[in-house]
Amino acid sequence: MANWKIFVALVSMLAAAAAAFVYQQKQREPASSGISETKVRVEANKAEQIYQEWGCGTCHGERAAGGPQGPSLLGLSAHWRRETLLRYLKDPVSVRTADERLQQLSKRYYPISMPAFDGLDEAQIETLADYLLKR
Ligand code: HEC
């Protein structure tokens with residue numbers, strides 16, 4: 001009989017310890033803003049990786065601040081809406097022919113011009129565009 005009581009006591013202690021543990025873990029969970037900051041960081045890392053892998057930096061500079069073969073990509077949100085930028089990254093010529101500023105820009109870097117990146121998939125292009133629009 002005594003053994004049985006000890007067993008019950010042990011089980012309830014374990015249950016209490018488990019409850020305390022769960023409570024502590026809950027306290028440690030980051031606030032929702034923490035989660036979205038992490039997400040933003042992950043997206044930025046993805047975009048930076050695409051930027052490097054696809055050689056954007058060879059013309060626009062490692063930090064996107066421009067170089068002899070391509071303009072700076074900082075502050076793009078002043079000139080671009082998301083949709084048009086997505087289209088431009090897939091097919092620069094079609095957007096450029098309807099845009100005076102891009103034609104001037106293109107002349108400045110002649111004979112180099114922005115290549116079409118049709119090898120990038122839709123998700124990669126969106127990741128890049130969203131990232132560039134925030135810089
Ligand atoms: C071979 C050089 C070269 C490469 C590589 C290149 N670009 Fe460009 N890019 C240019 C040039 C030159 C322009 C100027 C406008 C034009 O030619 O259409 C330009 C223009 C742009 C613009 C418009 C800038 C503005 O002021 O509105 C964006 C956005 C852009 N490039 C993004 C990218 C991204 C993202 C990549 C990589 C996926 C990339 N470029 C790769 C040469 C390049």
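Helices here are DSSP runs of H or I with at least four residues, and strands are E runs of at least two, numbered from the N terminus. Arg-87 sits in helix H4.

The model is predicted: local features need pLDDT of at least 70, side-chain atom pairs count only at pLDDT 80 or more, and totals for chains, interfaces and linings use all residues. Residue numbers start from 1 along each chain as its sequence is written.

**Core**

A nonpolar core is a set of buried Ala, Val, Leu, Ile, Met, Phe, Trp, Tyr and Cys residues joined through C-beta atoms within 7 Å. Buried means 20 or more other C-beta atoms within 10 Å of the residue's own; exposed means 12 or fewer; partly exposed lies in between, with C-beta atoms placed from the backbone. The largest nonpolar core has twelve residues, among them Ala-47, Tyr-51, Cys-56, Ala-64 and Leu-73. Helix H2 (32-53), helix H4 (82-90) and helix H7 (122-133) each give two or more residues to this core. H7 provides the largest share, four residues.

Which residues of H4 are buried? They are Leu-85, Tyr-88 and Leu-89. Seen down the axis of H4, these buried residues fall within an arc of 95°, so they line one face of the helix. The arc is that of the directions from the helix axis to the C-beta atoms. In an α-helix there are 3.6 residues a turn, so residues three or four places apart point the same way. The buried residues of H4 pack against H5 and H7.

Contact means C-beta atoms, placed from the backbone, within 7 Å. Leaving aside neighbours within four places in sequence, Leu-85 contacts Trp-80, Ala-129 and Leu-133. Arg-87 is partly exposed, with 15 other C-beta atoms within 10 Å.

H7 has twelve residues and spans 16 Å from its first C-alpha to its last, close to the 16 Å expected at 1.5 Å a residue. The expected span is 1.5 Å times one less than the number of residues. Buried in H7 are Thr-127, Leu-128, Ala-129, Tyr-131 and Leu-132.

A residue is near a molecule or strand if its C-beta atom, placed from the backbone, lies within 6 Å of it. The ligand is surrounded by 26 residues, and the closest are Cys-56, Cys-59, Gly-70, Ser-113 and Met-114. Helix H3 (56-60), helix H5 (92-96), helix H6 (100-108) and H7 each give two or more residues to this shell. H3 gives the most, with four residues. By class, the shell has 17 nonpolar, eight polar and one charged residues. Ala, Val, Leu, Ile, Met, Phe, Trp, Tyr, Cys and Pro count as nonpolar, Asp, Glu, Lys and Arg as charged, and the others, Gly among them, as polar.

His-60 is in helix H3. With 21 other C-beta atoms within 10 Å, His-60 is buried. Beyond its neighbours within four places in sequence, His-60 is in contact with Gly-66, Gly-67, Gly-70 and Leu-73.

**Loops and separations**

The peptide bond from Tyr-110 to Pro-111 is cis, with omega near 5°. Pro-111 is in the loop between H6 and H7. Ala-64 lies in the loop between H3 and H4. Phi of Ala-64 is near 65°, a positive value in a residue other than glycine. Ala-64 counts as buried, with 20 C-beta neighbours inside 10 Å.

| Residue pair | Apart in sequence | C-alpha to C-alpha |
|---|---|---|
| Arg-87 and Ala-116 | 29 residues | 9.9 Å |
| His-60 and Gln-103 | 43 residues | 17 Å |

Technical notes. Two residues are in contact if their C-beta atoms, placed from the backbone, lie within 7 Å.
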